[in-house]
Amino acid sequence: MATKDKGQSFDGMTRRAFLKTAAVAGAVVGCGMDVAFDAAKASAYESDAINYRVTNTTCPYCSASCGQRVVTALTGANTGKVVDIYGDFESPMNSGGLCAKGAGSLQLVNNSRRLGAFSGTHPADSAFAYDPAYDATGVAYKRTGNGPWGKMSLDTAMSEIATGLVTARGALPATNQSKGVAFFGSSHMNNEPNYVYRKMIANFGTSNVEHQARI
Amino acid sequence: MTNHWSDIGNASNVLVWGANPSENHPACMAHINRARAKGAKLVVVDPRKTRTALQADQYIRIRPGSDIALINGIVREIISQMEGTSPNGTAPAGAVTKFYDFLNQTGNGSFYTDGDATHASSLSATVAGSSKYSDARFLVNATGTDYQRATVTNTGATPVGGETANQLISNFPVKVADCRLSDVNTVYNRLKAHVDPYTLSVVADVAGCTMTEILDLVKYFIDNSRCSSVAAAVGAAGSQDPTAAGYKCLTMLYAMGITQHTTGSQNVKSFAVIQTLMGNMGRAGGGINALRGIHNVQGSTDLGLLNGNIPAYSSNPGVGSTFGDYMDGLWGNPLTGTTGTTDFSGTVRSLMDGSHDDAYNVSTGAAGLGATGLQQRGFFNMTLKFFGGYAEALAATTLSARKTIVDGIYDLWPKGNGDSHMTMFRAMAAGTVTKAAVVWGQNPAITEPNQGKVRQGLKNIDLLVCTDMFENETAACDRKDGSVTYLLPASAHVEHAGSSTNSGRTLQWRYRAAAPLGNSKDDMELLLRLAKALETAGAFSHIQAKWTALGLSGGVYDTLYGTPYDWTPGTAYDLASGTAELAHVRANVTDPVTYDLSATVTGSEWVTEKVFREMNSPSAAGGTIWIYTGAYNAEATSATGGPWATANKGSLQASWAVKNRAKSRDNTNDGGTFAYHGWGYAWLVNRRVFYNNADIPAEVTDYFMEPDSCSHLFVPANAATLNYSRWYRHNHPLVDKPDVVLAATLNAGSPHFVPKPGGGTITYAGRFPAHVEPYETPKAALAAAWGRNTKGGAAFELSFVDTQIAGRDVPASGYPLTLTTIRCVEHFQGGPITRNNWSNVELEPEPWIELNSADARSFGISDGDMVRVRTARSDATVWGDYPRAAYGDGFRARVGSGLQGNQRVAAGVVAIPWHWGEKGLSTGSRANDLCIDAGDANSMIPESKACLCKIEKM
């Protein structure tokens, strides 16, 4: 069932190298170790402040919160782009190791299937290719019924969405509690957007909100 | 988690029960292996021989949904061996002595290491022998069939006429000299009676394991708990020092294998019961630890994205409740007024005058709690920062002026609860009330059980808004004519800044490494733009009208979002700019930790920093999220201002270097206990191990759970007025255990389910978990004997099942197999962020079904065959024209071979992963087309781990 898109980025690692790595990683996955970690490469990034910036983050998958170091290119064709992600030896959560998901998270960032991220042919739907015409306003995708996705300015979309939400909500009862809109939040968001989302929902006049913790 | 990730390395026995960290939390295995390197055993209890089980010292297979029976059986045997009545042996004499010494601990005050002589055990002295932290030592007073706490006043005396319930400390402990010999109503004796039916043979039958395996588990508990540890007495030197030779402690790790049942809440509670009994709560290397699934599921739960909560675990304000009423129910002080105290406007309040005026008694500065406690002051702040008027309320100089503002603003809170997750989709399908959905960073078209119903709901609404990095199944779902769907492109985790709270409750900062790619946007920018659009569309007109009535000025967006978070829609996001701290990345492990304390940061880094400060400043200084209080502290190194403001990193560490403690990266292993107090910031007040008694080296006194001492943390020093019991009653009103009417007399001697006083169909909780069968079970006889976890007794079904199998307990010819869902290391949850990655897809390209070789032979299935799976949700013969949404037609068979005990699943059980759907690089059959939407009657989590199915070769 797996299919491979022609435009799929290999993100700096050849498929052959990946499979070799993955075979070993599969064998030791229980140790939480990332055997693909390359100390020499990491050292090269961290000692070259002219060409690279290294920042800290945590892994976007499970809640073990493995530390990650993220390399951003400061020069060359990839200026401003993330070019590598590897385990953070400083973190007591993982001491530098990453699992099969975390070690592959660079693919997630530079994934050609992302919405609006890359120019050219989008592997899933041409509507989702990056379009510089929307640099100023931002972009949103819209479809009516089961029609095709179209593009529009994010400002216009936000206006339409807000109007639609207010229509669905209707006039607020005295309890400020409307179930006209079901909100779903996200464990994939950081604390701050979660907080602002919950605040906005309260201001909208409802506590009709749920997220992944329930399921 | 009561403990935290790296603390697992302190355990002498790791009991993984209903979790598979080897695949789903791989980093956890490194912590487990650190314990094993010191001699700890890894024991796995699970229906499936997982990759974790393959590495374990012992694997014990049980039937899906039999967890409570096994725990209760273990408890029964432990008690028997401690009392010397078991035919299977007696616990070592030393262990017996320590076991009862712990349970009978008599507090004379000396155990209470308050760390502050002025507060030394103020109530321990008056309530003789009060408990440290254990329900197991509470005296319970049985009235009728209900368990009630003994009622005493805050001096330990029996209440006298004229005192109201508000004055009573009814929940906290009344001591007995010996839990075995005294009143039959001690918790110990009640527990003993409750577990009496769970004999080895009964449990072995229910759980499908052997009696020997149960005895093995009993031995693990006895040998790896406080009773077998060095210096076991609470407060004794070294009693909680995991570095001491002879230190023994068992930790329990669990995940969805425990929670995704109609008894999910009670499963967890049964863990709490046994770990409390064994004295393993609050100890390094112990506790009960939920391995949470998504990187910030702890944070999103903390911040109240659940229909019954507002942020920080306060309930939704209720219809008709006043601000004072509501505040009075939160953790902190009774706010009805106190004898001899003067409120901030100069009025002397009399005892319990019912005015609740103390709810308004706050001020700014270090003493800003006023008459309130942490949670109360946090709610005061949240109300006024969510809906406006904070500065105006604090500036008011009279009580009446402040009341006018605060009460008016409190009106703006939505009153009451929303719908639960599964219910929401049914409301969408009904189409009468819920007509739109905003699905932010979630993929319910994969993750929700009984997709036929879910998709009916998604199809029917007028407006659907999705935010994701990819076109997920939810955005792409079948929609009705004329409906509109919007999809907003989100950024990756390295493209925005902010804090994330891990499973161990530790907040860590994520720096922005790059701008969002192409047209994609940071969640926060999208949210702020939506908030602005909502204002323009009139969504906040009720707030504006209230402000006008109260004389408050300003526009809603500008006042509540624009000004506090420093960004104005219509301008570039990176124009938001300010000064914040940055941690430098160290190139070598020997380099010192250094920070840039006044870096200029922009866009996401600054906006999230501003939000972080609003949330996490000390409650007394205006912070809204009381459980995170002090995670930001403008007085970074101050030792003043309450326990949350002190150098709360542990005595062996230097003071905080940064105000934003999520950015703290001091990874000193203080005292060798793997607590890492300087790495990020853990709620509450940087406690890494909950409920401990400050006996862990480098840990400061734990104020949190110890009933007497908690007052010192959560309320000001006027301890005579504390009323934590009210908080306790408010939040634990014994409604967390739905009732069942037992069909047999098996448990009649110790009814764990009790009827509501006064009758009626709604029933109240008992104290101890008891076994009930899954909603769909192949064991009709057990269901008849033990019942099911229904809501409201026999008169009602579970609050949410619309796909019953007629009779539910079907003969073998109908749905003979139990279906349980699983996950794999290569894929993640609903799939968008792994099924679009070629390497993950390369490793696991398609969903499969694991089945036992005996079942495979029965159904004529060979390894590698495609297998069609049907349940009541997908079987048209049951539901006629039921709108099926089944996607995909089959799962690749992985048939076990060799000895039964070595196969992945037992005969009669099949397991399928649920990550797949119809979008992405890899597509495959959706498990949730099949899974049941029966919810835990308490939490409404679906029973994903046990439903009935049938299979055939395709």
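Modeller: Strand S6 (residues 181–184) of chain A and strand S14 (residues 436–440) of chain B are joined by four bridges and run parallel. Within this pairing, A:Phe183 has B:Val438 of S14(B) as its bridge partner. The model is a predicted one, and what follows describes that prediction.

On one side 148 residues of chain B take part, in contact with 121 residues of chain A. The element that gives the most to chain B's side is H19(B), with nine residues. By kind, the residues on chain B's side that touches chain A divide into 75 nonpolar, 52 polar and 21 charged.

Helix H5 (residues 154–169) of chain A and helix H19 (residues 523–536) of chain B have axes that come within 8 Å and cross at roughly 55°. The crossing of H5(A) past H19(B) is right-handed. From H5(A), the contact is made by A:Leu154, A:Met158, A:Ser159, A:Ile161, A:Ala162 and A:Leu165. From H19(B), the residues are B:Arg529, B:Leu530, B:Ala533, B:Leu534 and B:Thr536. Taken by kind, the residues of this contact are eight nonpolar, two polar and one charged.

Now chain A itself. Its secondary structure comes to six helices and seven strands, and along the sequence these follow the pattern α-α-β-β-β-α-α-β-β-α-β-α-β. Chain A has 215 residues, and buried residues make up 58% of them. Counting contacts in chain A between residues at least 6 apart in sequence, 41% join residues at least 24 apart.

Chain A also has an open sheet of three strands, in the order S1-S2-S3, with antiparallel pairing. Strand S1 (52–58) and strand S3 (82–87) of chain A each have a single partner strand, so they stand at the edges, with one side of each left without a neighbour in the sheet. From one strand to the next, the twist averages 25°. Seven bridges hold the antiparallel pair of S1(A) and strand S2 (residues 67–73) of chain A. One of the paired positions is A:Thr55, whose bridge partner in S2(A) is A:Val70. Helix H2 (residues 39–46) of chain A packs on this sheet and touches S1, S2 and S3 of chain A. The direction of H2 makes about 115° with that of S1(A).

Chain B has strand pairs of its own. Strand S17 (residues 498–501) of chain B is joined by four bridges to strand S18 (residues 506–510) of chain B, and the two run antiparallel. B:Gly498 has B:Arg510 as its bridge partner in S18(B). S17(B) and S18(B) form a hairpin with four residues between them, and in the turn B:Arg505 has a positive phi of about 70°. Along S17(B), B:Gly498 and B:Ser500 point one way, B:Ser499 and B:Thr501 point the other way, and all are buried.

The axes of helix H4 (residues 67–83) of chain B and helix H8 (residues 211–223) of chain B come within 9 Å and cross at roughly 65°. The crossing of H4(B) and H8(B) is right-handed. H4(B) makes the contact through B:Leu70, B:Gly73, B:Ile74, B:Glu77, B:Ile78 and B:Gln81. On the H8(B) side stand B:Ile214, B:Leu215, B:Leu217, B:Val218, B:Phe221 and B:Ile222. These residues of the H4(B) and H8(B) contact divide into nine nonpolar, two polar and one charged.

Last, a single residue of chain B. B:Gly457 lies in helix H18 (residues 451–460) of chain B. With 24 other C-beta atoms within 10 Å, B:Gly457 counts as buried, because 20 or more are enough for that term. Neighbours within four places in sequence aside, B:Gly457 is in contact with B:Phe425, B:Arg426, B:Met428 and B:Ala429.

Conventions:
Residues numbered from 1 in each chain as written. Chains lettered and ligands numbered in written order. Predicted model: local features only at pLDDT ≥ 70, side-chain atom pairs only at ≥ 80, totals over all residues. Axes fitted to C-alpha atoms, helices over the stretch in contact; angles between N-to-C directions. Left-handed = near helix turned anticlockwise from the far one by under 90°. Contact = placed C-beta atoms within 7 Å. Nonpolar A, V, L, I, M, F, W, Y, C, P; charged D, E, K, R; others polar. Buried ≥ 20, exposed ≤ 12 C-beta atoms within 10 Å, placed from the backbone. Pairing = 2+ DSSP bridges.
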